[in-house]
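Hi,

Here is the structure I promised to pass on.

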Amino acid sequence: MSVRELVVLGTASQVPTRHRNHNGYLLRWDGQGILFDPGEGTQRQMLRAGVAAHDIDRICVTHFHGDHSLGLAGVIQRINLDQVPHPVTAHYPASGQHFFERLRYATAYRETVELAQAPVAADGTLAVTETYTLDAYRLSHPVESYGYRLTEPDGRRILPERLAAHGIKGPDVGRIQREGALDGVTLDEVSEVRRGQRFAFVMDTRLCEGVHALAEGADMLVIESTFLDEDVRLATDHGHLTAGQAAAVARDAGVRHLVLTHFSQRYSEPAEFERQARAAGFDGELSIAQDLMRVPVPKR
């Protein structure tokens, strides 16, 4: 059975707190696992969340600030220690190649797994698989940063009432799906397009074109909201978003499920992030991320 869910490993901005680990997010997408922004402590959070090194097929780093990347060393070594039987691909800003190599070889260990390095140098498609296309868009932060977006290929939804109207039943249903037509009836006449699911991951950034491109039509948007709205000047100066700004992006993009995360340690009351997001006019499903929570990607 296919599973599509976000496993939240950490939600803290800049420094961890007693209740929030540094960043880390695993997206389970059918049989694939994509690890986003493994900050310090990610390996231990994986253990607590029931995530194994074998679950990781791809690593996506938005940028090379420590709260988003210091966990790479431990995760990469764990992948090799556990002898993960499949290749793993790592995406990260090309300008941070030296940081990636330093983290990959921070200490001595035995390499047993094929780890492909696929740095990101510009907006565009990074990978195409049977179940998703992975794209990256540049964000606005003091260091080079990219957001990531998964798009499932569109499919078709069979409409039983139309099948019945044309007298199509039993084995013929499978036949028209395979062949595209049956006795003069086309597949288009008995089905409709089912738009593929879309998942977007946006970390440290100011408002910019990339944020809106990533969020557009997303079924789930995971987005930083480091500051509350009253600290918007701090957010802009340091290359971040407020809760209201993130929610307005989701509102305008038609996002179905908004996940706010990456919270500054200056705030102790998460309910205020939800209040400000609702005040910004977002009326879809909303989650204020907590460490170790699991969030299903909305079905279509």
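When I say two residues are in contact, I mean that they have heavy atoms within 4.5 Å of each other. Keep in mind that this is a predicted model.

With that in hand, take Ile 223. Which residues is Ile 223 in contact with, leaving aside its neighbours within four places in sequence? They are Val 202, Met 203, Val 211, Leu 241, Ala 246, Leu 258, Val 259, Leu 260 and Thr 261.

Ile 223 also turns up in the largest nonpolar core, which has 31 residues. Along with Leu 221, Val 255, Leu 258 and Leu 260, Ile 223 is among those with the most contacts inside that core. Several elements each supply at least two residues of this core: strands S14 (198-202), S15 (220-224), S16 (257-261) and S17 (285-288), plus helices H7 (209-215), H9 (243-253) and H10 (271-279). H9 gives the most, with 6 residues. There is a second, separate core too, of 25 residues, including Phe 36, Val 120, Val 222 and Val 295.

The other thing to look at is a helix pair. Helix H3 (residues 72-81) packs against helix H4 (residues 97-104) with the axes 8 Å apart and an angle of about 55 degrees between them. The crossing of H3 past H4 is right-handed. On the H3 side, Leu 72, Ala 73 and Ile 76 meet Phe 100, Leu 103 and Arg 104 of H4. By class, that contact has 5 nonpolar residues, 1 charged and no polar.

Cheers

Definitions and conventions
Residues numbered from 1 in each chain as written. Predicted model: local features only at pLDDT ≥ 70, side-chain atom pairs only at ≥ 80, totals over all residues. Heavy atoms only, no water. Core = buried A, V, L, I, M, F, W, Y, C linked by side-chain atoms within 4.5 Å. Buried < 20%, exposed > 50% of the residue type's maximum accessible area, 1.4 Å probe, protein only. Helix = DSSP H or I, 4+ residues; strand = E, 2+ residues; numbered from the N terminus. Axes fitted to C-alpha atoms, helices over the stretch in contact; angles between N-to-C directions. Left-handed = near helix turned anticlockwise from the far one by under 90°. Nonpolar A, V, L, I, M, F, W, Y, C, P; charged D, E, K, R; others polar.
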